[in-house]
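Hi there,

Here is the structure I promised to pass on to you. Have a look at it first, and then read my notes below.

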Amino acid sequence: MDLNGKTALVLGGIKGIGKAVGLVLARHGVRLGLTWHDWEESLDSMQRDFAAIGTAHLIQRVNLLETSAIAPFVNRVAEHFGGIDILINNIERGGWPVVHGPYTRQQWDLELSTTLRAKQWVFEAALPHLKNSGNGCVINFSSIAGLVGRSGPASHLFNEGYSAANRGISLLTETWARLGAPEVRVNELMLGIFQTRHAQGTRGWGLLSEKQQQAIVDHTLLGRTGRTDDVVRAVLFLLKDAPYMTGSVIRLDGGYVLGGEPVAPMPEGVV
């Protein structure tokens with residue numbers, strides 16, 4: 001896909017990974033519809049940084065938990081720019097045991113309605129526009145919480161509701177790939193433990209002891225947490241260089257799921 005002149009809908013563009021993805025797309029000439037809801041203190045910085053690039057963009061506050069607000073925003077972006085070619089489905093509510101403690105019903109409902117339900121409503125609203133594009137692309141963001149759950153060093157990071165919601169995203173990815181084909185490719189970036197997302201730059205990371213933080217790093221084969229530029233490179237690959245890929249999940253976790261366990265030397269054998 002040639003990105004210049006395309007239009008992308010980027011959820012959660014006010015900070016962190018969503019903002020980093022939005023900025024790099026703007027630098028490639030992509031016109032942007034950007035949502036924000038929380039973190040109002042970061043709004044001035046968001047507006048200033050996107051304005052500095054100069055690519056056309058539309059920033060709007062949207063509560064994606066209000067399903068009735070989703071289609072009007074998506075349609076507004078499509079009307080403003082003449083269509084939608086790309087959906088960066090980056091919305092979640094991270095379930096931190098170390099932050100939130102034991103579950104309440106409110107916390108459980110908030111995690112599932114944000115991490116899972118909002119993605120579904122956004123995709124349904126965007127799909128006709130993506131189909132009309134003739135060469136649309138959707139990237140769903142998910143977490144390795146859907147694989148590891150509340151276990152090992154990540155026990156302080158992922159709780160059951162967040163993990164269950166992220167396992168569900170992969171089912172959505174597969175179904176949407178079928179619904180979108182052949183005009184729309186749908187793929188998933190399953191993220192490990194990233195700066196601004198369960199690692200440095202988050203409240204929860206600061207609540208962990210140095211020993212707990214190091215255990216997470218030690219469990220990751222590449223020996224570090226992820227950076228936003230790692231995500232940006234993967235997004236650009238899926239958009240620009242993967243025209244035959246749809247319904248796929250790319251696990252971008254530095255090897256956390258495999259774990260930091262050593263491989264034992266090969267025994268001599270008895271034969």
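**What I found**

Please keep in mind that this is a predicted model.

Now for the largest pocket, where the space comes to about 1,000 Å³. Here 32 residues form the lining, with Asp38, Trp39, Glu92, Arg93 and Gly94 nearest the centre. Which elements give two or more residues to this lining? They are α1 (16-27), β2 (31-36), α4 (97-100), α5 (105-133) and α8 (203-207). Helix α1 provides the largest share, three residues. By class, the lining of the largest pocket counts 15 polar, eleven nonpolar and six charged residues.

You will meet α5 again in a helix pair. Helix α3 (residues 70-81) packs against α5 at an angle of about 35°, and their axes are 9 Å apart. The two helices make a right-handed crossing. On the α3 side, the contact is made by Ile70, Ala71, Val74, Asn75 and Ala78. On the α5 side, you can look for Ala118, Trp121, Val122, Ala125, Ala126 and His129. How many of the residues in this contact are charged? There are no charged ones: the contact has nine nonpolar and two polar residues.

Enjoy exploring, and write back with any questions!

Best wishes

Notes. Residues are numbered from 1 along each chain as its sequence is written. This is a predicted model: local features need pLDDT of at least 70, side-chain atom pairs count only at pLDDT 80 or more; totals for chains, interfaces and linings use all residues. Side-chain values use heavy atoms; hydrogens and water are left out. On a 1 Å grid over the protein atoms alone, a cavity is a set of points where a 1.4 Å probe fits but cannot get out, and a pocket is an open set with protein on both sides within 12 Å along at least five of seven lines; lining residues have an atom within 4 Å of a point. Grid points are joined across faces, edges and corners, and a volume is the space filled by probe spheres set on the points. Helices (H or I, at least four residues) and strands (E, at least two) are DSSP runs, numbered from the N terminus. Ala, Val, Leu, Ile, Met, Phe, Trp, Tyr, Cys and Pro count as nonpolar, Asp, Glu, Lys and Arg as charged, and the others, Gly among them, as polar. Axes are lines fitted to C-alpha atoms, for helices over the stretch in contact, and angles run from 0 to 180 degrees between N-to-C directions. A crossing is left-handed if the near helix is turned anticlockwise from the far one by less than a right angle, and right-handed if clockwise. Contact means heavy atoms within 4.5 Å.
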